[in-house]
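Subject: Structure handover

Hello,

Here is the structure for you to look at. My notes on what was found in it come after.

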Amino acid sequence: MSGVRNQVVIGRSSSGTPGARSNCHDVGGERTKNLANLHKPSIYNGMTCSDDCESRFHIPVEVREKGTNCSRYNLWLISQAKSCRTRDRGKIDPLPPLSEYQIVIHSAVVRSKGLDEYTGEPLEWNRINHHRPAAGGRRKHVVRGRWPSVDHYHGTGKLNYRICSGLVNLAKGPLDHQQFVELCRKVADKHAGWGKQGKEAR
């Protein structure tokens, strides 16, 4: 059994009794107010698993409906957290613990409702059930397509993320949100007639 599945969810029950096993169907507004609440032993946002689920981070319903489960979601979450933390080495001192990255990335997934936060398109969450397609450099994003990806919203060194596809992440590159949106608008304006009635951009 992996380390993820060994993280028994022990916290407060829906009645508030300390030490009781959490009920995975209990989505209390009080538990989803802010990031501080996400530091509790059990992460409650958008959980939709069975009562005996022992994962620390419960998969949001919109993600679960795409064909994956808490176990796979937690493995993906750990992988993304490790990647983001590695990129922040030398940029944040002291470097936050891995659990902090997991909390913030999970919060971003909950906020996204399983969609690409830049295009609004559904992401292929079922693909996290398998190993990522092997590819190097920029090609990895092309091969992964709508594979769920974690974007550094304001660049590395800041724990602020958005969930998007690998392709969108590649297109955004080092740009922050405003710069990326402005660039997209310029491209869209320049090619406004492309694909319509046989017209192409000049």
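Leu77 is buried, with a relative accessible area of 0%; buried means under 20% relative accessible area, exposed over 50%, and partly exposed in between (1.4 Å probe, protein chains only). This is a predicted model, where local features need pLDDT of at least 70 and side-chain atom pairs count only at pLDDT 80 or more, while totals for chains, interfaces and linings use all residues. Residues are numbered from 1 along each chain as its sequence is written, and side-chain values use heavy atoms, with hydrogens and water left out.

Leu77 sits in helix α2. Helices (H or I, at least four residues) and strands (E, at least two) are DSSP runs, numbered from the N terminus. Apart from neighbours within four places in sequence, Leu77 is in contact with Phe57, Gln102, Ile105 and His106, contact being heavy atoms within 4.5 Å. The C-alpha atoms of Leu77 and Tyr101 are 8.9 Å from each other, and the two residues are 24 apart along the chain.

**Helices α2 and α3**

Helix α2 (residues 70-87) packs against helix α3 (residues 98-112) at about 115 degrees, and their axes are 9 Å apart. The axes are lines fitted to C-alpha atoms, for helices over the stretch in contact, and angles run from 0 to 180 degrees between N-to-C directions. The residues that meet include Tyr73, Trp76 and Leu77 from α2, and Leu98, Tyr101 and Ile105 from α3. By class, this contact has 10 nonpolar, 3 polar and 2 charged residues. Here Ala, Val, Leu, Ile, Met, Phe, Trp, Tyr, Cys and Pro count as nonpolar, Asp, Glu, Lys and Arg as charged, and the others, Gly among them, as polar.

**Salt bridges**

How many salt bridges are there? The count comes to 4, taking a salt bridge as a side-chain nitrogen of Lys or Arg within 4 Å of a carboxyl oxygen of Asp or Glu.

- Glu117 pairs with Arg111 at 3.3 Å, N to O. Glu117 is partly exposed at 28% relative accessibility, and Arg111 is partly exposed at 39%.
- Arg127 pairs with Glu124 at 3.0 Å, N to O. Glu124 is partly exposed, with a relative accessible area of 25%.
- Lys172 pairs with Asp151 at 3.1 Å, N to O. This pair links distant parts of the chain, with Lys172 in helix α5 (residues 166-172) and Asp151 in strand β3 (residues 148-152), 21 residues apart. Both Lys172 and Asp151 are buried.

**Backbone points**

Most residues other than glycine have a negative phi, and most peptide bonds are trans. Asp93 and Pro94 are joined by a cis peptide bond, with omega about 0 degrees; Pro94 is in the loop between α2 and α3. Lys113, which is not a glycine, has a positive phi of about 55 degrees and lies in the loop between α3 and α4 (139-144).

**Whole chain**

The protein chain has 6 helices and 4 strands, in the order β-β-α-α-α-α-β-β-α-α along the sequence. Of its 202 residues, 38% are buried. Among contacts between residues at least 6 apart in sequence, 50% join residues at least 24 apart.

Regards
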